[in-house]
Amino acid sequence: MFGTELHEAAAIRCGLVERASGDVRATPAGLDLYERHLRHLPDMAANYWQDQPHVADAVTEINRTYDQATTETPTT
């Protein structure tokens, strides 16, 4: 799908998913976010989720996590 690699890279950087055996899998942090905010989303395209409960909280948390991940200096 067009553009998904950008979303995937951001989710990896946030620690919400990881690549394993060629697949993308949720990490414990990603599963926790899902359980707290997203597990009750309807089975429909994501562009219809904006009016669903908990989505705004999830977006706020993801944005905060992304901001932290992109401002931290990687350690090697």
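This is a predicted model: local features need pLDDT of at least 70, side-chain atom pairs count only at pLDDT 80 or more; totals for chains, interfaces and linings use all residues.

Reader: OK, what volume does the largest pocket have?

Author: The largest pocket comes to about 860 Å³.

Reader: And how many residues line the largest pocket, and which lie nearest its centre?

Author: The lining has 25 residues. Nearest the centre of the pocket are Ala-11, Leu-16, Leu-33, Leu-38 and Ile-62.

Reader: Which elements supply at least two residues of that lining?

Author: Helix α1 (4-13), strand β2 (23-26), helix α2 (28-38) and helix α3 (55-71) each do. The largest share is from α3, with six residues.

Reader: How does the lining divide into nonpolar, polar and charged?

Author: It splits into 19 nonpolar residues, five polar and one charged.

Reader: Let's zoom out. How many helices and strands are in the chain, and in what order do the elements run?

Author: The chain has three helices and two strands. Starting at the N terminus, the order is α-β-β-α-α.

Reader: What does the C-alpha trace span, and what about surface?

Author: Along its principal axes the C-alpha trace spans about 40 × 25 × 25 Å. The accessible surface is about 6,100 Å², and 55% of that belongs to carbon and sulfur atoms.

Reader: What percentage of the residues is buried?

Author: Of the 76 residues in the chain, 21% are buried. As for contacts with a separation of 6 or more, 30% are between residues 24 or more positions apart.

Reader: Now the strands. Do they run parallel or antiparallel, and over how many bridges?

Author: β1 (residues 17-20) pairs with β2 in the antiparallel sense, over four bridges. Within that pairing, Arg-19 stands opposite Val-24 in β2.

Reader: What's in the turn of that hairpin?

Author: Two residues sit between the strands, and Ser-21 takes a positive phi there, near 55°.

Reader: Why point that phi out?

Author: Because most residues other than glycine have a negative phi. Ser-21 has a positive value although it is a residue other than glycine.

Reader: Is Ser-21 buried or exposed?

Author: Ser-21 has a relative accessible area of 72%, so it counts as exposed, the cut-off being over 50%.

Reader: What is Thr-27 in contact with?

Author: Leaving aside neighbours within four places in sequence, Thr-27 is in contact with Gly-15, Leu-16, Val-17 and Glu-18. Leu-16 also came up with the pocket, as one of the residues nearest its centre.

Reader: And the loop between α2 and α3? What's there?

Author: Leu-41 lies in that loop. With 16% relative accessibility, which is under the 20% cut-off, Leu-41 counts as buried.

Reader: What does Leu-41 touch?

Author: Apart from neighbours within four places in sequence, Leu-41 is in contact with Trp-49, Gln-52 and Val-55.

Reader: Last one: how far apart are Leu-41 and Ser-21?

Author: They are 20 residues apart in sequence, and 28 Å apart in space, C-alpha to C-alpha.

Methods
Residues are numbered from 1 along each chain as its sequence is written. Side-chain values use heavy atoms; hydrogens and water are left out. On a 1 Å grid over the protein atoms alone, a cavity is a set of points where a 1.4 Å probe fits but cannot get out, and a pocket is an open set with protein on both sides within 12 Å along at least five of seven lines; lining residues have an atom within 4 Å of a point. Grid points are joined across faces, edges and corners, and a volume is the space filled by probe spheres set on the points. Ala, Val, Leu, Ile, Met, Phe, Trp, Tyr, Cys and Pro count as nonpolar, Asp, Glu, Lys and Arg as charged, and the others, Gly among them, as polar. Buried means under 20% relative accessible area, exposed over 50%, partly exposed in between (1.4 Å probe, protein chains only). Contact means heavy atoms within 4.5 Å. Accessible areas come from the Shrake-Rupley method with a 1.4 Å probe; for residues, only the protein chains shown count as cover. Two strands pair if DSSP finds at least two bridges between them.
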